[in-house]
Amino acid sequence: MRELRALSGIGVKGPACFLLSIGGRNLLLDLGRGPDGMRLPDLRGLPPIDAVLLSHGHVDHTGGLDQWQVIGAPPMFATRPTIALARQQPLQRAIPLEGRDEILGLPLLIGRAGHGPGAVWMRIGGEEGLLYSGDISRESLLFGHDKLPKAAALVLDCSYGDAEEPLADQIDGLTADADGPILLPCPAGGRGLEIAAHFLTGGRRVAICKAHRRVARILEDHDEWLTTRGRAMLESLATADELAPDSPLQDVMIAAGPNAERGTAKTLAARIRREGGAKMVLTGHVATDTPAEAMLAEGTAQFRRWNVHPTLRQADALVCEVAPQTMLAAFCDSKALAALEARGLWPLAYGKRLLW
Ligand SMILES: [Zn+2]
């Protein structure tokens, strides 16, 4: 019997953490934290963990790695870009996933998930096993994606629930928003570079912060993870100006962190809240108790999503590709989950467990 248990990530936006028991092995898929507050998965009562597999480096998938010793310091696997970008000690020493067709004797297949630097989907246990999408997108201009293989069970990124708005419409909206100085707080390891490259190729002047420059530099060594167009976009980033906390407020400014909770975005957003001088637009998940949440509430920032997860139409296509017997819709709140269940189109299991 094969079993997948969601320790976290069902009925709520993250943190991601799943226990896969298959072929006599216990694997932990992601070990996240947040993204709201410092929420951690409940790791009590786990069986001995044989390995941890990480889908990508975002904090809601890896931020719980300070618990790695607590779970017995098992071998850890991640992709090379994820390892190269890692700031946490154990992840910097992870074993690369690329080039492997097995893990602890279990058949393994991975592919690009199109969500961020080195983000992968993984199938463990062959066609009779589990496909874990991690965070996944088919719309990225920058990050390449690979078709999903068939699998008996599926855990699918449903972060946007039944939202349908395509990225192309969002890009048109954001381009119209940028009619003067604009600050876009973004995660450096995600859509920030993509947004920067979009404006640069449209002839706009763009400045990016130190954290974004670091990711761009590392991506140069891993361009097999990019779309064909993405390789040219990455080159265009060399023409971006440097954005510092004391830079003048002008043109398109892209800075980390995404909730203006740290880094250059924190300082610049505080300046703009005090003195004005630029629009601020938030493009991703707005975490609770952050400056971004306060900025939205007081009206100094507006929200316009830039998709990095599947729309409903894409999610339908992904489910078709995998053709699972059973599945979980992950990373959306309980209301969105109920809407997905009400459609009755997917073989969704109730609760937080898959048995097959
Ligand atoms: Zn992510």
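**Crossing helices and paired strands**

Helix 5 and helix 6 are roughly perpendicular to each other (65 to 115 degrees). Helices here are DSSP runs of H or I with at least four residues, strands are E runs of at least two, and both are numbered from the N terminus.

This is a predicted model, with local features needing pLDDT of at least 70, side-chain atom pairs counting only at pLDDT 80 or more, and totals for chains, interfaces and linings using all residues. Residues are numbered from 1 along each chain as its sequence is written.

Me: At what angle do the axes of helix 5 and helix 6 cross?
Reply: Helix 5 covers residues 191-201 and helix 6 covers residues 210-220. Their axes (lines fitted to C-alpha atoms over the stretch in contact, with angles from 0 to 180 degrees between N-to-C directions) come within 10 Å and cross at roughly 90°.

Me: Which residues in helix 6 do Gly192, Leu193 and Ala196 meet?
Reply: Those three sit in helix 5. Going by contact (C-beta atoms, placed from the backbone, within 7 Å), they meet His212, Val215 and Ala216.

Me: Which residue of strand 2 stands opposite arginine 5?
Reply: Strand 1 (residues 3-8) and strand 2 (residues 17-22) run antiparallel, joined by five bridges; DSSP needs at least two for strands to pair. The residue facing arginine 5 is leucine 19.

Me: What is the phi of glycine 23?
Reply: Strand 2 also runs antiparallel to strand 3 (residues 25-29), over five bridges. Those two form a hairpin with two residues between them, and glycine 23 in the turn has a positive phi of about 55°.

Me: Which residue in strand 18 is the bridge partner of alanine 153?
Reply: Strand 11 (residues 153-157) pairs with strand 18 in the parallel sense over five bridges. Alanine 153 is partnered by threonine 326.

Definitions and conventions. Angles under 35 degrees count as roughly parallel, over 145 as roughly antiparallel, 65 to 115 as roughly perpendicular and the rest as oblique. Two residues are in contact if their C-beta atoms, placed from the backbone, lie within 7 Å.
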